[in-house]
Amino acid sequence: MSTAVLPDTLPATSLEVRLAAYPDPEGEVTLDHFAMGESELSEPGEGQVVVRNDWMTLGSVARDQMNPATKLPIPVFQPGVAMWGRTVGTVVRSSSPDLAVGDLVEHFSGWRQYAVGSAQEFFRRDRGLLPGPEYFLSQGPTAWHGMVDTVGAGEGETVFVSGATNGVGALAGQIAKLRGAKRVIGSTGSREKIDFLVKEIGFDAAFDYHDGPVAEQLAELAPDGLDVVFDNVGGEQFEAAVRLANRGARFALCGALAGQHGGDGGSPRLPLMTAISRDLSFRGFATLHTPDQIDGWNERFGAWLREGRIVFPHTVVDGGVEALPQAFVDLLRRRYSGTVLVKLS
């Protein structure tokens, strides 16, 4: 079991990243949209804890939170105010009987060095359950919920995962294989990422959507059609998957990356007679998980890792809180594979 080195004294301030201004909804996010700031840090009040943030995960959903007119049912960031995100850290001060100094906790007050709040805002994690604290930031709960609870991928099926090199897709494909899928196919954006999917994490095949019509590439890799589709992209890839869907195929709708920065990628065409005649089902699912779902995933994930049956595809970015803005810009430019983790301490 790993241990955490605790500070003898608290610093007077905590560095944090604030939203400087909203980017154009269809434009690129740049470093000019962020500002570094400091907030005062003091001993916790009654029932509160102070947490040193150790790791934070970055996801593309934060781009939608930078749009005050987003259609997603999520709160948006406010200019001049510290941003937030999923993080794990170590309790360094506690005035609550519920959490002790040294406890590992997961919470959503990221984009800063330290988080202060009621103990109820932080969720204790067992350091011995996973190889490192950063593993608790996998997007496995979402991948499992979509691939298992939503579409029930199983034995002998052909599965297509669009956007397969992101943190969700890379785990979703592995989960399908662990549940007995005959063939798992992924889409991605480069030759290097094809190799990552096939050689490193066990997909049976993958293609670069830049290399030609998606329907043609997918048909070549799935000559027997598709039984399950885990869609992170929408747009042309969704439409191609519908064309190749077998009777009774199930679609888990997780994201619409093709439409995230404008255009009609988030509104693909659905041929209704194809969907009706082939008895296709389409189910979107939210990524707000219950404590039981998260705990269940962490236990399952830990067991699979110990047995060598799964890998955690992730990219580590060093540099602390100061590295977060550039890491997020690079994430949106699709320069990473797997879950993006920034080491904060």
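**Reading burial and surface**

Visitor: What covers the buried residues of H9?

Guide: Strands E1 (13–19), E2 (34–40), E3 (48–58), E14 (314–317) and E15 (339–343) are among the cover, as is helix H1 (61–64). Helices (H or I, at least four residues) and strands (E, at least two) are DSSP runs, numbered from the N terminus. This is a predicted model: local features need pLDDT of at least 70, side-chain atom pairs count only at pLDDT 80 or more, and totals for chains, interfaces and linings use all residues. Residues are numbered from 1 along each chain as its sequence is written, and side-chain values use heavy atoms, leaving out hydrogens and water.

Visitor: How many residues of H9 are buried?

Guide: Buried means under 20% relative accessible area, exposed over 50%, partly exposed in between (1.4 Å probe, protein chains only). In H9 (residues 324–332), 8 of the 9 residues are buried, so the helix is largely enclosed by the rest of the structure. Among them are Phe328, Asp330 and Leu332. Just after H9, Arg334 takes a positive phi of about 60°.

Visitor: Is Gly163 buried or exposed?

Guide: Gly163 is buried, at 15% relative accessible area. It sits in the loop between strand E8 (158–161) and helix H3 (167–178). Contact means heavy atoms within 4.5 Å. Leaving aside neighbours within four places in sequence, Gly163 is in contact with Gly169, Ser187, Asn232, Val233 and Gln237. The C-alpha atoms of Gly163 and Leu332 are separated by 13 Å, 169 residues apart along the chain.

Visitor: Where is Leu272 found?

Guide: Leu272 is in helix H7 (residues 272–277). Leu272 is exposed, with a relative accessible area of 56%.
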